[in-house]
Amino acid sequence: MAGPVAAGAVALPLHRDDLPKVLKGARDSKEMNALQRLAADVTIKEIALTWGIGHSSVKEIDASGIIVATKLAMRRALCDALARRPVAPDYLFLDYLPWPEQRDYPVCSIVKGDKLSLSIACASVIAKVWRDKYMKELEDRYPEYGFAQNKGYGTRAHLNALERHGPCKYHRATFKPVRELLTAYTA
């Protein structure tokens with residue numbers, strides 16, 4: 001309900017035989033706790049051929065919709081990764097979301113990709129670590145919402161804070177709970 005959408009891009013050194021062992025803890029970021037994600041984030045960035053983070057702002061999400069904004073974040077993550085180190089990906093593996101507009105490289109969209117692909121899992125981890133850090137920084141400016149704890153998701157405490165304080169500029173106005181609250185304020 002709040003904050004940017006983030007995407008990660010990771011190119012792993014597939015020639016390493018020990019890759020599954022070195023990245024053993026890397027998996028779907030939602031299945032990892034914060035300490036596991038932070039440790040994996042460091043390891044991923046150390047061994048990746050390149051990595052990148054992209055995000056789309058709340059304004060972009062509200063203007064274009066979450067799917068378009070997510071694809072924009074994906075494009076930015078890819079550009080960030082290629083700017084760090086210009087490698088030529090053989091293939092882009094995506095977690096679920098099709099990306100037919102991507103014409104620079106072949107794309108394979110995998111349902112539950114963060115559970116099935118180590119590359120996708122690693123991208124998921126670095127994106128989640130970046131976004132969590134961003135939301136913790138928002139906590140300093142907007143402590144009443146509990147962003148450090150809820151990371152912008154629709155927890156009961158976050159919904160209660162929204163009802164008490166109304167939305168801030170980092171809430172996604174097009175998301176149902178925020179939209180309904182804004183509609184109630186203007187009615």
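How exposed is Trp130, in terms of relative accessible area? I looked this up and found Trp130 partly exposed, at a relative accessible area of 25%. I use buried for under 20% relative accessible area, exposed for over 50% and partly exposed for values in between, with a 1.4 Å probe and protein chains only.

**Basis of the entries**

I worked from a predicted model, in which local features need pLDDT of at least 70, side-chain atom pairs count only at pLDDT 80 or more, and totals for chains, interfaces and linings use all residues. I numbered residues from 1 along each chain as its sequence is written, and side-chain values use heavy atoms, with hydrogens and water left out.

**Aromatic pairs**

Rings of Phe, Tyr and Trp (its six-membered ring) pair if their centres lie within 6.5 Å; planes under 30 degrees apart count as stacked, over 60 as edge-to-face and the rest as tilted.

Why is the pair of Tyr91 and Phe93 stacked? I noted ring centres 5.8 Å apart and planes at 25°, so the pair is stacked. Tyr91 is partly exposed at 42% relative accessible area, and Phe93 is partly exposed at 43%.

I then returned to Trp130, which forms a stacked aromatic pair with Tyr134, at 5.4 Å centre to centre and 25° between the planes. Both residues lie in helix H6, 4 residues apart, or about one turn of the helix. Helices (H or I, at least four residues) and strands (E, at least two) are DSSP runs, numbered from the N terminus. Tyr134 counts as partly exposed, at 23% relative accessibility.

I also recorded one aromatic cluster formed by Tyr142, Tyr145, Phe147 and Tyr170.

**Charges over rings**

The charged end of Arg84 sits over the ring of Trp51, 3.6 Å from the ring centre. The charged end of Arg131 sits over the ring of Tyr153, 5.5 Å from the ring centre.

**Nonpolar cores**

A nonpolar core is a set of buried Ala, Val, Leu, Ile, Met, Phe, Trp, Tyr and Cys residues joined through side-chain atoms within 4.5 Å. The largest core that I found has 17 residues, and Val10, Leu23, Ile44 and Cys122 have the most contacts inside it. Helix H2 (34-47), strand E2 (50-56) and helix H6 (118-141) each supply at least two residues of this core. H6 contributes the largest share, 5 residues.

I listed the neighbours of Val10, taking contact as heavy atoms within 4.5 Å. Beyond four places in sequence, Val10 touches Ile44, Ala48, Thr50, Trp51, Ser119, Cys122, Ala123 and Ile126. A second, separate core has 15 residues, including Ala7, Met74, Leu97 and Trp99.

**Cysteines**

How many disulfides does the structure hold? I found 0, where a disulfide is a pair of cysteine sulfur atoms within 2.5 Å. The sulfur of Cys122 is 17 Å from the closest cysteine sulfur, in Cys108, which is too far for a bond. Cys122 is buried at 0% relative accessibility, and Cys168 is buried at 11%.

**Two residues of helix H4**

Is Lys71 buried or exposed? I found Lys71 buried, at 15% relative accessibility; this residue lies in helix H4 (residues 66-84). The side chain of Lys71 makes a polar contact with that of Glu101 at 3.0 Å. A polar contact is a pair of N or O atoms within 3.5 Å; within protein, one must be able to donate a hydrogen and the other to accept it, and residues adjacent in sequence count only if both atoms are side-chain atoms. Outside four places in sequence, Lys71 touches Leu97, Pro98, Trp99, Pro100 and Glu101.

Leu78 is also placed in helix H4 and is buried at 7% relative accessible area. Leaving aside neighbours within four places in sequence, I found Leu78 in contact with Ala9, Leu92, Gln102 and Tyr105.

**Positive phi**

Most residues other than glycine have a negative phi. I noted Tyr96, not a glycine, with a positive phi of about 75°. Tyr96 is in the loop between strand E3 (92-95) and strand E4 (107-110), and is exposed at 55% relative accessibility. Lys151 has a positive phi near 55°. Lys151 is in the loop between helix H7 (147-150) and helix H8 (156-165), and is buried at 12% relative accessible area.

Notes. A charge sits over a ring if NZ of Lys or CZ of Arg is within 6 Å of the ring centre and within 35 degrees of the ring normal.
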